[in-house]
Amino acid sequence: MKTVLVVANETLGGRPLLAKIKELAAQQELRLVICVPRTNPRQGNIIYDEAVFDAAQVRIDLARKIMREEGIDAIGEVGDPDPYTATMDAIAEHDPDEIVISTYPAASSGWLRRDLIERIGEAAQRPVDHVVVDLDQEGLPFGVTLGVANRTAASPTFLEALRARASDVERHVIIFVVPQEGGHGVAARQARARLTQVIDRARAAGLICAGMIGDPDPYNAVMNAVQFFRVDDIVISTLPATRSGWLRADLIERVRRATNKPVEHVEATDSAEAVA
């Protein structure tokens, strides 16, 4: 069995990379290892380590799901923020026969400006294949909706809005973001519990999804997610207007203006929807 290490971040879902993986899998039995280096967010004054880790893990979870649909099993790990260190750590751990590194084109790739391909080739002493993915020109082979909620994450109205998005195209993925309510440890645990609940419900409804907890400021949480992921549209779920701090802070319009993306607002309509 051949072990192939794939190192990618934002380009992980790109068509050329998926085609390369399928080509390798067609040649012989494949053990696929995916490594995604962490990326620090640009928005917010504090970096929340769990949210940074989650963002990379979301890429891995979705890539593994899509690979399984193609009949390819994969394992994944979140790597060091430095792509060279992340790759060398993964090589030491998994001893791959071949390495595939996916980047943006040279004009927009920080990895290429740091000569990552050449440095890995010299250090690894094994084949390194470079796959260029131009998402601006090619897009992704699936639609992506960002679903944002906290106390209303369990709202049936929220889930229905996301199911409607997914039914519009053949393959669609949902990325959930649950902002924390404060920066303390309890807030992170509460957000993760809500995230787990909404992912479980979405998967039970047949949706392809993954998710992360986010910055306590919901605007920062959304903007960081838009930095991390290439999304087509955004669905934000809130408490009713009389109870929603997000609406009092004009979150919906601020996100619309800042992202230039379609933003749907879903309001929990009764107390049963607005307790979790």
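# Close-up views of a predicted model

**View 1. Pro179 stands opposite Gly214 in β8.** Strands and helices here are DSSP runs, numbered from the N terminus (helices are H or I with at least four residues, strands are E with at least two). This is a predicted model, where local features need pLDDT of at least 70 and side-chain atom pairs count only at pLDDT 80 or more, while totals for chains, interfaces and linings use all residues. Residues are numbered from 1 along each chain as its sequence is written, and side-chain values use heavy atoms, with hydrogens and water left out. β7 and β8 run in the parallel sense and pair over seven bridges (strands pair if DSSP finds at least two bridges between them). Seven of the seven residues of β8 (residues 208-214) are buried, so the strand is largely enclosed by the rest of the structure. Buried means under 20% relative accessible area, exposed means over 50%, and partly exposed is in between (1.4 Å probe, protein chains only). In a regular strand the side chains alternate between the two faces of the sheet. For β8, both faces are covered: Ile208, Ala210, Met212 and Gly214 sit on one side, with Cys209, Gly211 and Ile213 on the other.

**View 2. Leu146 in the largest nonpolar core.** A nonpolar core is a set of buried Ala, Val, Leu, Ile, Met, Phe, Trp, Tyr and Cys residues joined through side-chain atoms within 4.5 Å. The largest one here has 55 residues, and those with the most contacts inside it are Leu17, Leu32, Leu146, Phe229, Ile234 and Ile236. Which residues does Leu146 touch, not counting residues up to four places away in sequence? Among them are Ile175, Val177, Val222, Ala225 and Val226, and the list also takes in Asp233 (contact means heavy atoms within 4.5 Å). A second, separate core of 21 residues includes Ala149, Phe158, Val198 and Ile199. In soluble globular proteins, nonpolar side chains tend to be buried together.

**View 3. Two aromatic pairs turn up in a search of the whole structure.** Rings of Phe, Tyr and Trp (its six-membered ring) pair if their centres lie within 6.5 Å; planes under 30 degrees apart count as stacked, over 60 as edge-to-face and the rest as tilted. Phe158 and Phe176 make an edge-to-face pair, 6.1 Å centre to centre with 70 degrees between the planes. Phe158 belongs to helix α7 and Phe176 to strand β7, so this pair ties together parts that are 18 residues apart in sequence. Both of these residues, Phe158 and Phe176, are buried. The other pair is Phe228 with Phe229: the ring centres are 6.2 Å apart and the planes at 70 degrees, so this one is edge-to-face as well. Phe228 and Phe229 are both buried too.

**View 4. Arg171 has salt bridges to Glu69 and Glu70.** A salt bridge is a side-chain nitrogen of Lys or Arg within 4 Å of a carboxyl oxygen of Asp or Glu, and the structure holds 17 of them. For Glu69 and Arg171, the closest N and O atoms are 2.9 Å apart. That pair links distant parts of the chain, with Glu69 in helix α2 and Arg171 in the loop between α7 (156-166) and β7 (172-179), 102 residues apart. Glu69 counts as partly exposed because its relative accessibility is 40%. Arg171 and Glu70 have their closest N and O atoms 3.7 Å apart. Glu70 lies in the loop between α2 and β3 (74-79), so its pair with Arg171 ties together parts that are 101 residues apart in sequence. Glu70 is partly exposed as well, at 35%.

**View 5. Asp250 and Arg257 form a salt bridge.** The closest N and O atoms of this pair are 3.9 Å apart. Asp250 is partly exposed at 36% relative accessibility, whereas Arg257 is exposed at 55%. Elsewhere, salt bridges that share partners join Lys22, Glu69, Glu70 and Arg171 into one network.

**View 6. Arginines over tyrosine rings: Arg119 over Tyr84 and Arg254 over Tyr219.** A charge sits over a ring if NZ of Lys or CZ of Arg is within 6 Å of the ring centre and within 35 degrees of the ring normal. Arg119 is 4.4 Å from the ring centre of Tyr84. For Arg254, the charged end sits 4.3 Å from the centre of the Tyr219 ring.
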